[in-house]
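Subject: The structure we talked about

Hi,

Here is the structure I said I'd pass along. Have a look at it first, and then read on for what turned up.

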Amino acid sequence: MKTVTSNGVTLHVQVQGPETGPVVLFANSLGTDLRVWDLLLPYLPDGLRIVRYDKGGHGLSDCPAAPYDMDTLVTDAEAIAVGLGLKEIVFVGLSIGGLIGQGLAARRPDLFRGLVLMDTAARIGSPEMWQDRIDALRTGGIASMADAILDRWFAPEMRNDATRLAPWRHMLTRTPVEGYIGCCAAIAGADFTETTRALTQPVMAMAGSEDGSTTPDLVRTTAELCNAAFHVIEGAGHLPCVEAPDTVGALISDFLKETGHV
Ligand SMILES: O=C(O)CC1=CCC(=O)O1
């Protein structure tokens, strides 16, 4: 376990693999922590330097008071990359993690080898939609909307398996409400349409066919902005790294080979 402090916020970071290995930096989604990648990692090539972290307000990182803004979340990711001396990064971003990846790729192209956009878009939802969610969270907490969120996260097969679902429900509902709300505010204010259109790094995008949050059509639109290859993961929802880690692992492995990273 490592920590990196950015703007006074201490972030929990996990690093695995050889010091000189090709770097893959993962950023997870709203209401999840870095364990969201656990099932995927065995499907990636050996020898990678795998770096995962909990964004502010999630997992074992500090939880500043809401609201957060996307610029700060991008600065946090940059602080981790610079603080750990990461170079030639392939960044894998899930949902809000993909927004952070787009922001960092635009700000620091010198750090990047490529970008994987997983169930994310240049703009997710509308400011009004996020404000409604924030208001509901302030009233009822995350538990009050957990069923609705899990319906977007997972396809019916997983949703109907209470035992398989339980750890992910716990991960979601144990997220500090302040951290969750802070990140909702950051998503509400983020629109990377123009900067993502201008990206020059190789980009690959994917979406679960059953994603009720960032639908395949939405993700495809962002992929087209930056000439990214686009893949639909059949039978998966918003977190295909959980529901279809083998398929996602194969796609990322191919991308790492195509970009000469491995
Ligand atoms: O709608 C959801 O809860 C899923 C989601 C949107 C942005 C994110 O990171 O997760």
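Before the core, one term: a nonpolar core here is a set of buried Ala, Val, Leu, Ile, Met, Phe, Trp, Tyr and Cys residues joined through side-chain atoms within 4.5 Å. Please also keep in mind that this is a predicted model.

With that in hand, the largest nonpolar core holds 93 residues. Trp37, Met70, Phe91 and Ile252 are the ones that touch the most other members. As a general point, nonpolar side chains in soluble globular proteins tend to be buried together. Setting aside neighbours within four places in sequence, Trp37 is in contact with Phe26, Ala27, Asn28, Arg52, Val92, Leu94, Met118 and Cys241.

Now the overall picture. The protein has 11 helices and 8 strands, and its C-alpha trace spans about 50 × 40 × 35 Å along the principal axes. Buried residues make up 55% of the 262 residues. Also, of the contacts between residues at least 6 apart in sequence, 76% join residues at least 24 apart.

The largest pocket contains about 160 Å³ of space. Which residues line it? They are Arg35, Asp38, Leu39, Met158, Arg164, Pro167, Trp168, Met171 and Val242. Helix α6 (residues 162-173) gives the largest share of that lining, with 4 residues. Sorted by class, the pocket lining has 6 nonpolar and 3 charged residues, and no polar ones.

There is also 1 cavity of 30 Å³ or more, and the volume of the largest cavity is about 130 Å³. Helices α3 (127-140), α4 (146-153) and α7 (177-188) are the elements that give two or more residues to its lining, with the largest share, 3 residues, coming from α4. In total 14 residues line the cavity, and Leu30, Ser95, Arg133, Ser213 and His238 lie nearest its centre. By class, the cavity lining has 8 nonpolar, 4 polar and 2 charged residues.

Finally, two single residues for you to click on. Lys87 is in the loop between α1 (70-83) and β5 (89-94). Is Lys87 buried or exposed? Its relative accessibility is 59%, so Lys87 counts as exposed; the cut-off for that is over 50%. Leaving out neighbours within four places in sequence, Lys87 is in contact with Val23 and Leu111. The C-alpha atoms of Lys87 and Val23 are separated by 7.2 Å, although the two residues are 64 apart along the chain.

Thr196 sits in helix α8 (residues 193-197). Thr196 has 0% relative accessibility and therefore counts as buried, the cut-off there being under 20%. Again leaving out neighbours within four places in sequence, its contacts are Gln102, Thr222, Leu225 and Cys226.

Cheers

Key. Residues numbered from 1 in each chain as written. Predicted model: local features only at pLDDT ≥ 70, side-chain atom pairs only at ≥ 80, totals over all residues. Heavy atoms only, no water. Buried < 20%, exposed > 50% of the residue type's maximum accessible area, 1.4 Å probe, protein only. Contact = heavy atoms within 4.5 Å. 1 Å grid on protein atoms, 1.4 Å probe; cavity = no way out; pocket = protein on both sides within 12 Å on 5 of 7 lines; lining within 4 Å. Points joined across faces, edges and corners; volume = space filled by probe spheres on them. Nonpolar A, V, L, I, M, F, W, Y, C, P; charged D, E, K, R; others polar.
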